[in-house]
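Hi,

Here is the structure I said I'd pass on.

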Amino acid sequence: MNLFSSNQSELFWCVEINTAVPYCTYYFGPFNSKKEAQLSRTGYVEDLYQEEARGIVAVIKQCQPDLLTVFQDRSRNRKKNI
């Protein structure tokens, strides 16, 4: 099931944030425009930093993630999905 779109051919803008601690990928959105996603990015980064996430890298991209949070398991190089 895709969480972002009812029309599978349409891509929305999202904020993808990767963190080193915890080793995760987060997706925020959907946004109707790149500018809307860019304006929201800072708030998401600040929230994660306040929650003690470190090594934060945020990018704006068009995508349709199936999951909003993906925990990476470094020891086994596996993904745990939430």
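Glu-16 and Lys-61 form a salt bridge, with 3.1 Å between their closest N and O atoms. Glu-16 sits in strand S1 and Lys-61 in strand S3 (residues 57-63), so the pair ties together parts that are 45 residues apart in sequence. The count of salt bridges comes to one. Bear in mind that this is a predicted model.

How exposed are the two partners? Glu-16 has a relative accessible area of 11%, so it counts as buried, the cut-off being under 20%. Lys-61 is partly exposed, with a relative accessible area of 31%.

Next, have a look at Thr-19, which is found in strand S1 (residues 12-19). Is Thr-19 buried or exposed? Its relative accessibility is 4%, so Thr-19 counts as buried. A polar atom of the Thr-19 side chain lies 2.4 Å from the backbone oxygen of Pro-22. Beyond its neighbours within four places in sequence, Thr-19 is in contact with Cys-24, Tyr-26, Leu-48, Ala-53, Arg-54, Gly-55 and Ile-56.

Ile-56 turns up again with Val-45, a residue of helix H1 (residues 34-50). Once neighbours within four places in sequence are set aside, Val-45 is in contact with Ile-17, Ile-56 and Ala-58. Val-45 and Ile-56 are eleven residues apart in sequence, and their C-alpha atoms are 7.2 Å apart in space. Val-45 counts as partly exposed, because its relative accessibility is 25%.

Cheers

Key:
Residues numbered from 1 in each chain as written. Predicted model: local features only at pLDDT ≥ 70, side-chain atom pairs only at ≥ 80, totals over all residues. Heavy atoms only, no water. Helix = DSSP H or I, 4+ residues; strand = E, 2+ residues; numbered from the N terminus. Buried < 20%, exposed > 50% of the residue type's maximum accessible area, 1.4 Å probe, protein only. Contact = heavy atoms within 4.5 Å. Polar contact = N/O pair within 3.5 Å; in protein donor to acceptor, adjacent residues only side chain to side chain. Salt bridge = Lys/Arg side-chain N within 4 Å of Asp/Glu carboxyl O.
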